[in-house]
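Subject: Structure handover

Hello,

Here is the structure I promised to pass on. Please open it first, then read the notes below.

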Protein chains: 2
Amino acid sequence: MIITADYDAEEHLMPTYMDVHDGFVGVNQEQFDEAHLRDLAVQDEEGVSYDHAWLDPVTGKAFCLVTGPNKEAVIRVHEKAGHPASQVYELSIQTS
Amino acid sequence: MIITADYDAEEHLMPTYMDVHDGFVGVNQEQFDEAHLRDLAVQDEEGVSYDHAWLDPVTGKAFCLVTGPNKEAVIRVHEKAGHPASQVYELSIQTS
């Protein structure tokens, strides 16, 4: 139980980021899944967790919700995966 | 049970949108919650559901994840709430 509590605390201390990509015009579900799997394959090396990704294939705009130790680690994962992000925002405030 | 099943089906048929706002530089948690509550107060009139919102107070960039019948309804909710979105994207593809 102590391990679980520590893990949860660490997860909540990690900043959340939204990264924004351009240029995914016409990408389909299979291609988007494949791109996301490339992030998942390298994220552990950087202590990053890519939790969700959304795409508007008409404008080519993609959004990824990520937690990680810092912005540089998030950027490196996308670079290693072959699709660098156009913008990365640290989301220190959220609500639902 | 039939009502629940119908409700779920309708929810899944509704498109998902990400809207992006600029100009929230220096906004704090309380102010962001208050802005989001103004969306929640008017969303039912348009059949829209604002599910989550994130803010980077350093750049002033905010993101809202929304479901609704169409893009125009999403735009109207933010206009009525007093903070029109800069951009709205229809997210027909997503993965996690």
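Is B:Val27 buried or exposed? B:Val27 is buried, because its relative accessible area is 16%. Buried means under 20% relative accessible area, exposed over 50%, and partly exposed in between (1.4 Å probe, protein chains only).

Some ground rules before the rest. This is a predicted model, in which local features need pLDDT of at least 70 and side-chain atom pairs count only at pLDDT 80 or more, while totals for chains, interfaces and linings use all residues. Residues are numbered from 1 along each chain as its sequence is written, chains are lettered from A and ligands numbered from 1 in the order in which they are written, and side-chain values use heavy atoms, with hydrogens and water left out.

Around B:Val27

B:Val27 sits in the loop between β1 (16-21) and α2 (29-42) of chain B. Helices (H or I, at least four residues) and strands (E, at least two) are DSSP runs, numbered from the N terminus. Leaving aside neighbours within four places in sequence, B:Val27 is in contact (heavy atoms within 4.5 Å) with A:Ile93, B:Phe32, B:Leu55 and B:Pro57. B:Gly60 is 33 residues away along the chain, yet its C-alpha atom is 7.6 Å from that of B:Val27.

B:Gly60 lies in a turn, with a positive phi of about 80°. The turn belongs to a hairpin of β2(B) and β3(B), with four residues between the strands. Seven bridges join this antiparallel pair. Two strands pair if DSSP finds at least two bridges between them. One bridge links B:Trp54 to B:Phe63 in β3(B). Six of the eight residues of β2(B) are buried.

Where the chains meet

A:Ile93 bridges to B:Leu55, and A:Thr95 bridges to B:Ala53.

How many residues of each chain are in contact with the other? The count is 28 residues of chain A and 28 of chain B. Chain A and chain B bury about 2,500 Å² between them, 64% of it on carbon and sulfur atoms. In chain A, A:Trp54, A:Ile93 and A:Thr95 lose the most area to chain B, together 28% of what that side buries. Buried area is the accessible area (1.4 Å probe) that two parts lose on being put together, summed over both.

There are 14 residue pairs in polar contact between the chains (both at pLDDT 80 or more). A polar contact is a pair of N or O atoms within 3.5 Å; within protein, one must be able to donate a hydrogen and the other to accept it, and residues adjacent in sequence count only if both atoms are side-chain atoms. β2(A) gives the largest share of the side of chain A that touches chain B, six residues.

Inside chain A

A:His83 is in the loop between α3 (71-80) and β4 of chain A. A:His83 is buried, with a relative accessible area of 10%. Its side chain makes a polar contact of 2.8 Å with that of A:Asp39. Beyond four places in sequence, the contacts of A:His83 include A:His21, A:Phe24 and A:Ala35.

Best wishes
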